[in-house]
Amino acid sequence: MDGLTSAQVAVAPRNDAPRRSSRSLWAIIRANVFTLFNLVIAILWALIMIFGEWQNGLFGLVIVFNALIGIVQELRAKATLDKLAVVNEAPVRVRRDGRDQEIEPRAVVRGDLILIGPGDRLLVDGEVVASDGMEIDESLLTGEADAVHKQPGDEMLSGSFAVAGSGAFVATKVGAEAYAAKLTEEASKFGLAHSELRDGITKFIRYITYLVIPIGALLIWSQVRNEADFGTAITGAVAGIVTMIPEGLVLMTSIAFAVGVVRLGQRNTLVQELPAIEGLARVDVLCVDKTGTLTAGGMDLDEVLPLRGGEPVGDALAALANVDPRPNPTAQAIKERFPSMPPGWAATEAVPFSSARKWSGADFAEHGPWVLGAPDILLEPGSEGFEGAAELAATGARVLALCRTSSLDGEGTAEPVALITLKQRIRPDAKETLAYFARQNVTVKVISGDNPEAVSAIAVGLDIPGGERAVDARTLPENDPEKLADILEKNTVFGRVTPVQKRQFVGALQSRGHTVAMTGDGVNDVLALKDADLGIAMGAGSPATKAVAQVVLLDNRFATLPYVVGEGRRVLANIERVSNLFLTKTFYAIVLSLLVGVLGLMFPFEPRHSTLVNALTIGIPAFFLALAPSNERSRPGFVPRVMRFAVPAGVICAAAVFFSFWAAHSGTSTLIQDRTTAVITLFLTTWWVLVLVARPLLWWKIVLIAAMAVLFAVSFAVPLTRWFFALAPSDVSNDLLALGVSVVAAVAISIAVKVTGTLKT
């Protein structure tokens with residue numbers, strides 16, 4: 001039991017398991033450089049360099065900018081995640097050279113003697129060598145909800161956690177050999193692609209890829225067939241194909257996620273899985289545990305109220321508080337009043353506290369067995385102290401009953417000796433935070449293992465709607481999920497909730513279509529945190545809760561949650577706006593390419609023209625819109641809503657460009673003048689799409705939109721840019737035609753948006 005020596009530690013295999021938070025530098029570079037879009041754009045750029053003018057190869061810079069911006073932003077997110085992940089790692093208690101010490105998880109070696117207490121997560125596999133009522137929850141590995149009592153010689157599996165008692169085990173498998181490491185190696189990797197939002201964007205890209213191949217082939221064939229100059233034909237075909245590719249959409253999504261991680265990191269919030277950013281925006285029910293969330297960590301012993309004279313109440317309390325080497329917050333509060341074990345009270349048997357039992361106890365030989373726990377669990381209705389305990393709990397105090405008992409097996413009769421009240425510290429920011437969620441239409445459910453009256457008193461004090469009606473979870477149906485869901489819909493405050501019931505609550509709310517977030521800090525919250533759509537753990541919580549949660553509030557501030565939810569909403573709302581822009585471009589390019597290909601006309605513009613227009617109406621504005629503040633709650637139906645906007649807007653833009661180019665081309669103007677007419681029409685129609693997407697038009701958005709129009713005008717006014725972008729606005733009739741067609745198209749797009757109801761004003 002002295003553990004390893006320093007010399008043995010130096011040569012033993014270390015626990016070098018990969019961290020959860022981020023992927024390698026090479027993986028980031030590979031993901032941002034070696035993409036299908038970059039390959040297509042590189043091939044098209046090479047064709048322009050071979051057969052066309054170099055000015056038309058400007059779109060090739062998209063590869064460089066996309067890769068650089070994506071890599072830089074993700075490296076920023078990686079640095080933030082790695083730094084916070086280290087802060088979040090709970091130290092491991094080991095005994096080396098006969099001395100207890102705390103070390104980081106990676107410093108654990110095979111053969112280490114690891115000390116375990118309630119809430120500790122097992123990071124490596126091992127064999128039990130000592131157990132003092134130690135109970136281990138292996139449900140995250142086996143699915144079995146009941147805690148397992150561990151005795152010397154029993155196997156310990158990484159990924160499980162202690163729920164009661166204490167003990168020690170010797171590490172036998174560390175690093176990649178450990179049981180949990182094999183199960184979670186893939187699931188724990190940093191990723192951006194496992195979310196409804198990104199799945200929707202992936203669908204867009206897949207469908208567009210299917211369309212680009214045949215339409216691109218048709219466009220190339222039509223341009224080559226109808227144009228004597230092969231270089232001009234290739235240039236026109238490339239212009240159409242490049243415009244069809246939403247090359248910046250994935251980039252903007254990645255940037256929005258990465259910036260969200262960095263912003264939350266600045267508020268001491270660790271996002272352990274990037275898709276959790278999206279989950280933040282979809283939350284409409286927030287389940288909070290009273291202890292540690294609405295109340296601050298720790299309690300103070302308030303009153304000790306004897307129920308009968310002549311009993312050693314103080315000695316019994318001191319003995320129970322000091323018998324556990326790893327006291328929970330309740331025992332810690334009592335221990336501050338009674339810091340030492342009284343003489344003659346050595347325990348011969350002890351039962352540690354667990355959330356399922358809701359009591360702890362010990363047998364003190366000649367003083368007999370004593371238990372301390374919830375009055376409504378230990379006392380019979382009508383017994384001495386039962387009514388008094390209920391009255392005290394109704395004031396918001398936490399009440400415990402101290403009882404003598406005949407045995408510690410749970411079957412003995414408890415004789416009440418005293419009632420103990422503890423004061424809980426209400427978080428000063430709790431009321432304001434709850435008011436925020438009420439304004440945002442996020443329903444708050446208070447779920448606690450405490451007495452319902454005590455939970456209700458806290459809820460009423462915090463102005464939680466329905467807080468005066470507390471439901472005792474012991475009265476809830478056990479095998480009727482539908483009825484349970486009905487009760488959860490109608491009520492807000494629940495007391496005496498077991499860990500298994502918390503998990504059932506989450507499932508019942510999800511069955512009604514809710515997106516559920518669960519906050520917690522104790523071992524009894526782990527199962528519910530794991531099943532919730534979004535698990536949020538407090539930084540001071542148990543290692544087990546922080547391990548399973550997607551978001552960890554490292555500063556333990558409940559008031560951080562509004563910023564967390566707000567960041568998620570910002571990301572999703574802005575990505576939808578950006579998607580509307582990029583997909584409108586894709587659809588107008590598809591329709592325009594089909595019209596040109598089927599009718600055998602020349603393509604209305606060159607690649608340099610689409611580069612200019614796309615930069616001013618999509619690329620530059622999208623960067624600012626993707627990072628803009630927003631508090632819109634996420635709405636379901638992202639994919640169909642974007643399609644309902646982008647398809648009609650794209651079709652109208654394509655029709656306007658095609659008509660203006662066809663009408664100009666039918667006259668006596670030159671090809672460069674005709675294409676200038678098409679460019680003006682394309683800019684004005686897509687600029688109007690930008691105006692619609694950017695609503696509501698705040699001052700900075702107005703400045704942004706106006707700046708894009710000024711830059712477009714400058715490109716016509718300056719001779720150098722006019723030459724570079726091949727613009728010739730010298731035919732007044734064509735220019736007026738473009739203006740008139742654009743106005744009609746803008747009206748048509750506005751009507752389409754109003755009819756489909758796809759954008760909020």
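## Rings and charges, stop by stop

Before we zoom in, keep in mind that this is a predicted model. Start by selecting Trp662, which counts as partly exposed at 45% relative accessibility. A search of the whole structure turns up 10 aromatic pairs, and Phe659 with Trp662 is a tilted one: the ring centres are 6.2 Å apart, with 40° between the planes.

Next, select Phe683 and Phe712. Is this pair stacked or tilted? Turn the view until you see the rings from the side: the pair is stacked, 3.9 Å centre to centre, with 5° between the planes. Colour the helices and you'll find Phe683 in helix H25 (residues 671–694) and Phe712 in helix H26 (residues 699–717), so this pair ties together parts that are 29 residues apart in sequence.

For another group of rings, select Trp345, Phe364 and Trp370, which form one aromatic cluster.

Show Arg267 and Tyr563: the charged end of Arg267 sits over the ring of Tyr563, 3.5 Å from its centre. Then hop to Arg357, whose charged end sits over the ring of Trp359, 5.8 Å from the ring centre.

Time to switch to pairs of charges. Side chains of opposite charge can pair when their charged atoms come close. How many salt bridges does a search of the whole structure find? The count is 21, and we'll visit a few.

Select Arg474 and Asp376. They form a salt bridge, with the closest N and O atoms 2.9 Å apart. Follow the chain from each end: Arg474 lies in the loop between strand E17 (470–472) and helix H18 (481–490), while Asp376 lies in helix H14 (residues 375–378), so the pair ties together parts that are 98 residues apart in sequence. Arg474 is partly exposed at 42% relative accessibility, whereas Asp376 is buried, with a relative accessible area of 15%.

Now pick Glu482 and Arg512, whose side chains meet in a salt bridge of 3.2 Å, N to O. This pair links distant parts of the chain, 30 residues apart: Glu482 is in helix H18, and Arg512 is in the loop between helix H19 (499–511) and strand E19 (516–520). Glu482 is partly exposed, with a relative accessible area of 49%, and Arg512 is partly exposed with 29%.

For the next stop, select Glu567 and Arg570. Their salt bridge has its closest N and O atoms 2.5 Å apart. Where do these two residues lie? Both are in helix H22 (residues 561–599), three residues apart, about one turn of the helix. Glu567 is buried, with a relative accessible area of 9%, and Arg570 is buried as well, with 3%.

Finish by selecting Asp376, Asp472, Arg474 and Arg496 together: salt bridges that share partners join these four residues into one network.

Definitions and conventions
Residues numbered from 1 in each chain as written. Predicted model: local features only at pLDDT ≥ 70, side-chain atom pairs only at ≥ 80, totals over all residues. Heavy atoms only, no water. Phe/Tyr/Trp six-rings, centres within 6.5 Å; stacked < 30°, edge-to-face > 60°. Buried < 20%, exposed > 50% of the residue type's maximum accessible area, 1.4 Å probe, protein only. Helix = DSSP H or I, 4+ residues; strand = E, 2+ residues; numbered from the N terminus. Lys NZ or Arg CZ within 6 Å of the ring centre and 35° of its normal.
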